Amino acid sequence: MGLLPELRYPTVAELVSAARTLTARRPGLCVLRQVGLSRAERPLHLLSVGHARRAVLVVAGAHANEPAGGATLLALARRAVAERELRDGTSWHFLLCADPDGASLHTATRPDSLYDYHLGFFRPVGREQPEWAPSALPPDRLPPETLALTGVIDELRPYLQVSLHGTDLGGSWVQLTRDVPGLAEPFAKSAAELHIPVETGASDAAGWPASGPGVRVMPAAGSGPAYPSLPDDARHSTWYHAHRYGGLTAVVEVPMWAGALVDDPEPHPAPAETLRHLAGRLLRDAREVRQVLEEARPGAMEGAGVAGGPLLRAATWGLDLVPGLAADLVRTPPPDGTRAYVASVDAFTRRVPLRAAAMLLREVRETDAHAAARLERLVALWSDAFAVHFRARWVPVAHQVEHQVRTVVAAALHARAGAGAGPGAG
């Protein structure tokens with residue numbers, strides 16, 4: 001496939017270099033240009049392949065801790081150059097990294113284990129994530145990364161936007177802002193061939209209509225969220241920006257480590273009781289992290305949202321979500337009673353305090369040896385428990401990428417068939 005070496009994800013600099021090489025080889029077909037600057041004045045690059053008006057936009061790097069998307073984007077670009085049929089009436093456009101500032105802070109590009117992955121972990125607060133910022137901020141306060149992304153959508157008017165995402169441990173699933181009939185079959189076939197579990201009850205899509213196993217369609221406006229306390233709402237994200245031009249967005253998730261349990265569609269014997277147990281564990285784990293923080297940095301929880309650095313802001317933001325999320329799990333009837341859904345919630349409630357502990361560890365490592373030792377113990381203990389409980393199995397990078405590539409191509413073909421001669425055709 002011409003990918004970068006196995007067990008390694010590309011950096012933003014490597015993506016830009018590869019895009020420049022591709023453009024130099026096919027200057028009449030490919031264009032690489034800067035479409036904006038990040039808050040730290042890092043450039044955002046768009047690689048375009050082909051010149052047809054009907055467009056597909058592929059976005060990588062929206063979440064700093066989900067690195068497979070960059071390798072997938074590069075493989076897709078090379079394939080679009082090599083395969084004329086993919087360009088038949090369609091141009092392909094690739095936003096190399098939607099959040100280069102975040103990417104510079106997530107350093108786990110060759111993780112050997114979940115513990116190693118968390119030692120270099122970073123994921124910004126929701127309002128600083130390019131795709132999610134519109135759900136948390138008014139239009140006049142949107143970050144430049146968000147404005148660059150929506151500006152590209154306004155220019156291209158894509159019939160399909162694909163956002164490449166990933167999960168640390170679990171399975172693969174697809175979220176759609178509008179149904180793409182026919183996508184579920186090639187998605188499931190690809191996952192089976194590459195030995196990647198299909199996450200049939202992803203908590204990210206709790207209660208959403210299913211187009212097929214692992215393929216969920218975002219609900220219409222007016223339907224209540226599964227977790228009322230969480231601040232983000234997919235319907236206010238940049239995923240819906242393409243709708244004003246008749247397009248839609250597909251979010252393709254792929255795991256770094258495959259996890260058992262997430263693909264079991266059988267009914268759980270006691271979902272509500274188990275969710276109450278998970279809520280209690282979530283509160284206990286978060287309390288332990290918060291205690292370390294309050295002893296190491298008195299008053300940090302109150303001031304981090306404004307004055308803290310990105311690691312501290314992100315960690316405290318995650319901890320602040322815990323009480324409401326735990327209450328949601330106890331008070332709200334489970335929207336899905338399958339074993340797969342309960343397993344997905346189990347993974348989610350492990351991640352929140354684990355990620356907070358990991359980012360706080362990076363924050364205090366050089367200044368507070370005692371707090372760092374306590375946090376490192378938690379990161380090691382919780383990473384190991386996570387991996388053991390879900391029987392974690394590494395998914396080769398080539399398989400992660402190939403599955404996303406196949407799913408994107410299938411989505412483009414099926415969405416185009418469904419779009420007919422609608423907006424953007426030509």
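Me: If a pocket is an open set of points, on a 1 Å grid over the protein atoms alone, where a 1.4 Å probe fits and protein lies on both sides within 12 Å along at least five of seven lines, how much space lies in the largest pocket?

Reply: This is a predicted model, in which local features need pLDDT of at least 70 and side-chain atom pairs count only at pLDDT 80 or more, while totals for chains, interfaces and linings use all residues. Residues are numbered from 1 along each chain as its sequence is written, and side-chain values use heavy atoms, with hydrogens and water left out. A volume is the space filled by probe spheres set on the grid points, which are joined across faces, edges and corners. On that basis, the space in the largest pocket is about 1200 Å³.

Me: Which element gives the largest share of the lining of the largest pocket?

Reply: Lining residues have an atom within 4 Å of a point, and 45 of them line the largest pocket, with Trp-132, Asp-204, Leu-230, Asp-232 and Phe-348 nearest its centre. Two or more lining residues come from each of strand S5 (160-170), strand S6 (173-176), helix H9 (310-331) and helix H10 (339-364), where helices (H or I, at least four residues) and strands (E, at least two) are DSSP runs numbered from the N terminus. The largest share, 7 residues, is that of H10.

Me: Which elements give two or more residues to the lining of the second largest pocket?

Reply: The second largest pocket, with a volume of about 230 Å³, is lined by 18 residues, of which Pro-10, Val-12, Ala-64, Pro-67 and Ala-103 lie nearest its centre. The elements that contribute two or more of these residues are helix H1 (12-25) and helix H2 (68-82).

Me: Is Glu-41 buried or exposed?

Reply: Glu-41 sits in the loop between strand S1 (30-37) and strand S2 (43-49), and its phi is near 65°, a positive value in a residue other than glycine. Buried means under 20% relative accessible area and exposed over 50%, with partly exposed in between, for a 1.4 Å probe and protein chains only. Because its relative accessible area is 62%, Glu-41 is exposed.

Me: Is Thr-90 buried or exposed?

Reply: Thr-90 is placed in the loop between H2 and strand S4 (91-95). Leaving aside neighbours within four places in sequence, Thr-90 is in contact (heavy atoms within 4.5 Å) with Ala-52, Arg-54, Val-56, Tyr-159 and Arg-416. Its relative accessibility is 3%, so Thr-90 counts as buried.
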